[in-house]
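Q: I would like to go through this model with you. Could we take it one topic at a time?

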Amino acid sequence: MEANDYTWLRSQLRRISRRWPPVYKTLANAKVPYTGDNKRKKWWYECADCKQLFDGKNVSVDHIEPVGTLLKKSDIADFIEKLFCSADKLQVLCGNCHDLKTYMERYGVDKQTATVEKKVIAFSKLSTTEQKNILQNECGYDNITQFSNAEKRKNAYRDWLKWKETTGE
């Protein structure tokens, strides 16, 4: 099998796993009755990490232990075993917490570093004008001409985020 065959197989197994009964059980365990004004909405789902409530479109069922990779034939059995696990090895996470957990697992960093880097990634997608406005108005940099390219602006924003976290401001 070639690499793209394993990619296809991984994709198909993940698609099938979304209908795995423990996934539904995990969602059911995270359900909280909706108490708002919307008569059509019945449930919220509680994020296992941040404990906030979200509607069903904004949560994912996550494997507590990473499923791992599927790059070669010898990976198949372990991948399937971890993918099709019991409900006690699954959790419901909101989109933001799931993104952070995935980033932490992928790059081997702690939650604080992942949070900073995700903010830097979002910052880098803004226009140059928006980036400079943030650096000047929110971060307090007076001389923004020193940030002449995207990498310098990203580094300045990253440094400011780290400073902000360490000082508690």
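Q: To start, is Q91 buried or exposed?
A: This is a predicted model. In it, Q91 is buried, because its relative accessible area is 18%, which is under the 20% cut-off.

Q: Where is Q91 found, and which residues does Q91 touch?
A: Q91 belongs to strand β5, residues 90–94. Not counting residues up to four places away in sequence, Q91 touches T26, A48, S60, V61, D62, I64 and K101.

Q: Let us turn to the nonpolar cores. Which residues form the largest one?
A: The largest nonpolar core has twelve residues: V116, V120, F123, I134, L135, C139, I144, F147, A156, Y157, W160 and L161. Two or more residues each are given to this core by α5 (111–124), α6 (128–137) and α7 (150–167). The largest share, four residues, comes from α7.

Q: How do the axes of α6 and α7 cross?
A: The two axes come within 11 Å and cross at roughly 35°. The crossing of α6 and α7 is left-handed.

Q: Which residues meet there?
A: From α6, the residues are T128, Q131, K132, I134 and L135; they meet R153, A156 and Y157 in α7. The residues of this contact divide into four nonpolar, two polar and two charged.

Q: New topic, the sheet. In what order do its three strands run?
A: The order is β1-β2-β3, in an open sheet with antiparallel pairing. The edge strands, β1 (31–33) and β3 (53–54), each pair on one side only.

Q: How many bridges link β1 and β2?
A: β1 pairs with β2, residues 43–46, over three bridges in the antiparallel sense. Within β2, W44 stands opposite V32.

Q: And what about K51: where is K51 found, and what is its phi?
A: K51 is in the loop between β2 and β3. The phi of K51 is near 65°, a positive value in a residue other than glycine.

Technical notes
Residues numbered from 1 in each chain as written. Predicted model: local features only at pLDDT ≥ 70, side-chain atom pairs only at ≥ 80, totals over all residues. Heavy atoms only, no water. Core = buried A, V, L, I, M, F, W, Y, C linked by side-chain atoms within 4.5 Å. Buried < 20%, exposed > 50% of the residue type's maximum accessible area, 1.4 Å probe, protein only. Pairing = 2+ DSSP bridges. Axes fitted to C-alpha atoms, helices over the stretch in contact; angles between N-to-C directions. Left-handed = near helix turned anticlockwise from the far one by under 90°. Contact = heavy atoms within 4.5 Å. Nonpolar A, V, L, I, M, F, W, Y, C, P; charged D, E, K, R; others polar.
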